[in-house]
Amino acid sequence: MSFPILSLMIWLPLVGAALMFIPQGSDAAGARNARWIALWTSLIVLVLAAITLVDFNPGIHGFQFTETAAWIPQFHIAYRLGLDGISLFFVVLSALLTPIAILASWREMRRVRDYMAAFLLLETMTIGMFASLDFLMFYIFFEAVLIPMYLIIGVWGGERRIHAAIKFFIFTLAGSLPMLLALVWMWHHAGTTDMLTLMHTPIAPHIQDWLFIAFLASFGVKAAVWPLHTWLPDAYGEAPLPGTIMLAAVLSKMGAYGFLRFSLPMLPQASAYFAPLMFALGIMGVIYISFAALAQTDMKRMIAYSSVAHMGLIIVGIFTFTVIGIEGALFQMVSHGLVIAALFLCVGILLARGHSLRLDQLGGLATRMPVFAAFLMFFVMANVGLPGTSGFVGEILVMIGAIQINFWVAFLTGTGMILSVMYMLVMVRRVLFDHARSIANAVIGDLSAKEWLMLAPLAIMVLGLGFIPSGLTTAFHTAVTDLVHAHVAAMSPPSHFAMARP
Amino acid sequence: MFIAIAVLAPLAGALLAALFRPFAGRTFAVGASVVALIIAAAAGIITDYRHLVLHVPDHLVMRGNWINVAQFTPHWALRQDTLSLVMVGMVTVVSALIHIYSVGYMAHDRTEPRFFVYISLFTFAMLMLVTANNLVQLFFGWEGVGLMSYLLIGYWYDRAAANAAAIKAFIVNRVGDLFFAVGIALTWLQFHSVSFDTIFAAVPQARSATYHLFGADLPVLEVIAILLFIGAMGKSAQLFLHTWLADAMEGPTPISALIHAATMVTAGVFMTVRMTPLIDAAPVALQVITIIGAATAFFAATIGCVQNDIKRIIAYSTCSQLGYMFIAVGVGAAPAAMFHLINHAFFKALLFLGAGSVIHALADEQDVRKMGGLWCTLPITYVTMWFGALALAAIPPFSGFFSKDAILAAAFADHTSASLFAWVAGSLGAGLTAFYIVRLMLLVFHGKPRGPADTMAHAHESPAVMVGPLVVLAIGALTSGFLLAPRFIGKAFAAFWGTSIAEPHHAAVMHALDGIPAWGAELPLLLAIAGIGVAYWFYELSPAMPGKLANAMPGLYRFVLNKWYFDEAYDAIFVRPALRLAHLIWRVGDDEVIDGVPSGLARLTTEASGQAVRLQSGSIAIYGFIMLIGLMVLVTVFLLAR
């Protein structure tokens, strides 16, 4: 077996978190060490992620960096890891955003050790989830993400953190119970929890429908598919900023990833059957949530709503079952991860200067923080999908995929082009332009070196992906093509299911 | 090679200005972008000369991959056919002149380098648009100019009106862009390519193809053409999507000249001309284009007659002139549309820069009622602006005469009811155009000074760096008509345009231009002269007349003065309901309907169990432990279930 790089990436943060709990003299020393341990651990993971990125061979069908170890052999449950083009970038995204989130929380003063440990734990869970090739492992990681996130919101959050944390907990827990039932059924049906086997195990269509609904409940909550989204503005709004970044950039992708990894390949008939519903939900998300965003009076919540509105686009792209649509959705997921993280970082920069985030109190920052203004404007433009930024590539690909379904899916999904501009420009005006509306916001300094360090790489990546998107698309092209071909093959012979039940 | 310099030099100038601004000071920043633009203009002229005069063959430059997914493979390239080259020449030259002018105009502005970065980037985006070899690169430039116009309209961002106008411009443009983007997607669906040559080659086979929409099988080419045209309506400010253009005058005046007259707004016309091989195969779409163009030409001209802001008058005139260009596209005289586009770019940039010179002289006064008698204090501005005014009024031998005449002749020669409407509306519009622009000239430069005495006393001619471009543009307004006419619309027009504009349909109309009866050919000119006469009568001979007329028909006057109430109507139909809906969705839809159940639960648990206290006091180790136990239970459940 080759070098277990994935295992290392998954378990290293856990080791780092454990190290923090070795007694270290004073609390201050403990806090300082915790910060540095967290940063270094996450940076090492980032380097490892970069290595997988370089080593990844886009031409190979199936999974790479695979690891298998017996776990509970009598029940055919094993420790299985691997990456394909679809999961690769989410692992990289998690590894990239964790150090940024840790840097962004450098000033956190309350219970630093626990806080840093929670973030490392979160990294273990997210990378583990994206790299799992065993359904049980996937499920465990998928659920376990809940715990550090719940704590991050509940302990270090804003004023209404308890409300938000409990709402988050109830929604995601309620959503995941159906998935547990689905897991048990599929395990019983196929006799294994190996995801690769499950992908090739035919299931009778009427069972598929039930399983699809179970998955929808679970993934839909995580991806904040309308109308399962209402936990999100509260959670995003109340979580400490680095937590919001992880929620928006990484955790929201878990749901969409679940649809791609489970619903589409394992339940092809049900996915096709429910596709119109998914389009409706996706479009509803784009339009409804955009309007909700327009009404927001708080910068952070407005960006939170914007983040959900973009998830609608991703859902539509996935359920087009076309190579272009799915690649568009994947591209949009990566791009959205970068852009939304950057936008929330901008929010954090204002918070660090003691600003209110109320849109009626900000204003005139373009004069006093020109560099910040330039960055914010750039990321806003990426968020509304301006060509030359990564946001555009995902958007146009999804539209090209959607037009293959029908005109209205493409058109209504595209209304996000107009709606996103409406609320984003209102935000820009209230934050950057006009005059400062509150004395509290008069104390100001432009970006510090550390803030540059966080924003500039994201900007370069957003711009780079906007001009050279093939860096990303070639990497997932093989995996997506295989997925679509498998779907087409599964859909073609209707007699396929006669022997579905054992 | 030269075309690459022409396109990339503005980008280089902008980057130099932006990146070295912190180290090198503002003179360097401004200098870099101005010099870059002059280089670009020189390269633009050279490349035009090489290809259009020396006939060096066309070829693509700088082919590079962009997106490459399945069969969706738009690439980067610089296209060099006649259509692109004509645009490149015009854009670089006008933009260079406006850069030079802005050195004088913006000299007192605190953030001058930012201004130059924006206009250089804008020029780059426009050049990428006109040299695109596929719809997606065109869209790149299209959105790029949209962004830069947003930034430039809102350049003085501490002014509320500028912010509102900037946002409005971006949103209205985006409405058009949505249709354009769907049009691109549908084009891809039909042709499996977004590349112009591939699309055009496949048009004949696609004539009979249908697309199911609105419960009917519509010809796919018609659907695509209409979608693309709606995109063009947004960018070129045609009726229904025109409301942003007049408000865009909140930006600095050189911007009005560059973006809202000479270049950006012509992008829509350019795009429809570029797509003529496809659009010519869609007869219904052509009629729609003709009717919308004609309606805009007339409608905007009526508004121009009663406005009092010098820049708004010219802005509505832009709207109206773009309508003429669309008439030309619609009746199948695309070369005439391009001819008018180029002429218009010169004389309209001239009018705006002239207006800027007046505003500059009068300490930012824009109301024509407070001007008057300026001809002796601003002699060069005065003379050059008359050149522009006469070109706009289509009086021979000024440039507008040749192109507007050709457009109306083409509308006359194309015997359909749509083109008849276009001819009538266009001819009436020509009369109104002459009226409002002469009204403007008389109010600004003739009569007695009506402004505050001290402002009028301080009025002075602008510096050489500003009047220089005016003189160059004035020469253009005088000569571009008869110099370009033989090439653009003359006997050998087909050879000049080559394959860059579709051949069959408009060939008939273009050849019929000279054959129309004299009364039809001369009527627009007679109406224009009449318009000038009326303006002279109203504003020179009996200045009380306009007031009397307005009092006689108060309803009509208010209707036109308020721009046919489009803003009010849109506000009532779209803006306010949207905001109400937004609030309703957030407060009622989310908070009460969807959230009702889970929030109730959350509230119950919060209140009943005092979670708050325990969550605060625990340590992360305990949670980790609980998590482990949870996992154990989970696994056990599994094993038992099995």
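A nonpolar core is a set of buried Ala, Val, Leu, Ile, Met, Phe, Trp, Tyr and Cys residues joined through C-beta atoms within 7 Å. A residue is buried if 20 or more other C-beta atoms, placed from the backbone, lie within 10 Å of its own. The model is predicted: local features need pLDDT of at least 70, side-chain atom pairs count only at pLDDT 80 or more, and totals for chains, interfaces and linings use all residues. Residues are numbered from 1 along each chain as its sequence is written, while chains are lettered from A and ligands numbered from 1 in the order in which they are written.

**View 1. The largest nonpolar core.** This core has 462 residues. Ala341(A), Ala328(B), Ala349(B) and Ala410(B) have the most contacts inside it. Helix 14 of chain A, residues 323-352, gives the most to this core, namely 20 residues. Helices are DSSP runs of H or I with at least four residues, strands are runs of E with at least two, and both are numbered from the N terminus.

**View 2. The surroundings of Ala341(A).** Neighbours within four places in sequence are left aside here. Ala341(A) is then in contact (C-beta atoms, placed from the backbone, within 7 Å) with Leu97(A), Ile100(A), Ile245(A), Ala248(A), Ala249(A) and Leu458(A).

**View 3. Helix 17 and helix 20 of chain A.** The axes of helix 17 (residues 390-403) and helix 20 (residues 449-467) come within 6 Å and cross at roughly 40 degrees. Helix 17 of chain A is therefore oblique to helix 20 of chain A. Angles under 35 degrees count as roughly parallel, over 145 as roughly antiparallel, 65 to 115 as roughly perpendicular and the rest as oblique. Axes are lines fitted to C-alpha atoms over the stretch in contact, and angles run from 0 to 180 degrees between N-to-C directions. Ser390(A), Phe392(A) and Val393(A) of helix 17 meet Val462(A), Leu465(A) and Gly466(A) of helix 20. By class, the residues of this contact are four nonpolar, two polar and no charged. Ala, Val, Leu, Ile, Met, Phe, Trp, Tyr, Cys and Pro count as nonpolar, Asp, Glu, Lys and Arg as charged, and the others, Gly among them, as polar.

**View 4. The side of chain B that touches chain A.** Here 60 residues of chain B are in contact with 61 residues of chain A. Helix 5 of chain B gives the most to this side, with 15 residues. The side holds 41 nonpolar, twelve polar and seven charged residues.

Conventions:
Contact = placed C-beta atoms within 7 Å. Buried ≥ 20, exposed ≤ 12 C-beta atoms within 10 Å, placed from the backbone.
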